[in-house]
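Welcome, and please open the model in your viewer. We will select a few pieces one after another and look at what sits around them.

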Amino acid sequence: MTEKISFMERSEYMTEEGGRGERVLPERYRIPNQELRQRFEFREIRREEAEEAADIEQICFPPHEACSRSMMHQRVETAPELFLVAQDRQTGRLAGFLNGLSTDECVFRDEFFTDAKLYDPRGKNVMLLGLDVLPPYRRQGLARELMYEYLRRQWRRGSERILLTCSDEKVEMYQKFGFEDLGIANSTWGNEQWHEMSCLLNG
């Protein structure tokens, strides 16, 4: 059964003055791609899929940027609810995934890549640590739908802001996804220069 989201999905929250406010999901994220929903199941990762996720990470990123296998296992064990995978319905294999850690911090730093203990299950922000799509599934809209579905889920969860870092050539792609370029990041992960990108959901 495919998921249905109302065109004007809303949620309530309490204002600082004690009244009720209302948030509306940004329009670009409201309607899931039904064609991709027929091909892929979008869901949280299962703990037994940690090694498969580590394999995908090694394919999608160069060695100096990729998450280590042990770190991928730690992330899956620590915060499986902050993974979103796309499982090919025909093969049963993962085609790609997004993963992150929630925190109350507001600036991306490299330690999020290496220390899963920075995870705060009540954190209002999410630091995205990787968007992985295997080569055979690229240029089909899967990366965009993974991101949009992730943002839909985090919006419902009440997350305020999603942050990530990316290379120069990916800035435009993330801007199309609804992220703002905050300029050069403090991160020097992999001895590279990165842009810090931010998407405000519930602020």
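Start with strand β4 (residues 83–88), which pairs with β5 in the antiparallel sense over 5 bridges. Strands here are DSSP E runs of at least two residues and helices H or I runs of at least four, numbered from the N terminus; two strands pair if DSSP finds at least two bridges between them. This is a predicted model: local features need pLDDT of at least 70 and side-chain atom pairs 80 or more, while totals for chains, interfaces and linings use all residues. Residues are numbered from 1 along each chain as its sequence is written, and side-chain values use heavy atoms, without hydrogens or water.

Pick V85, and you will find its bridge partner F97 in β5. In the hairpin of these strands, with 5 residues between them, G92 takes a positive phi near 80°.

Now select β5 itself (residues 94–103): 10 of its 10 residues are buried, so the strand is largely enclosed by the rest of the structure. Buried means under 20% relative accessible area with a 1.4 Å probe, counting protein chains only.

On to β6 (residues 125–133), which runs antiparallel to β5 and is joined to it by 8 bridges.

Next, select helix α3 (residues 69–78), where M71, M72, R75 and V76 are buried. They lie on the same side of α3, because they cover an arc of only 140° around the axis, taken from the directions from the helix axis to the C-beta atoms. Contacts (heavy atoms within 4.5 Å) that cover these buried residues include α2, β4, β5, α4 and β6.

Terms used: Buried means under 20% relative accessible area, exposed over 50%, partly exposed in between (1.4 Å probe, protein chains only).
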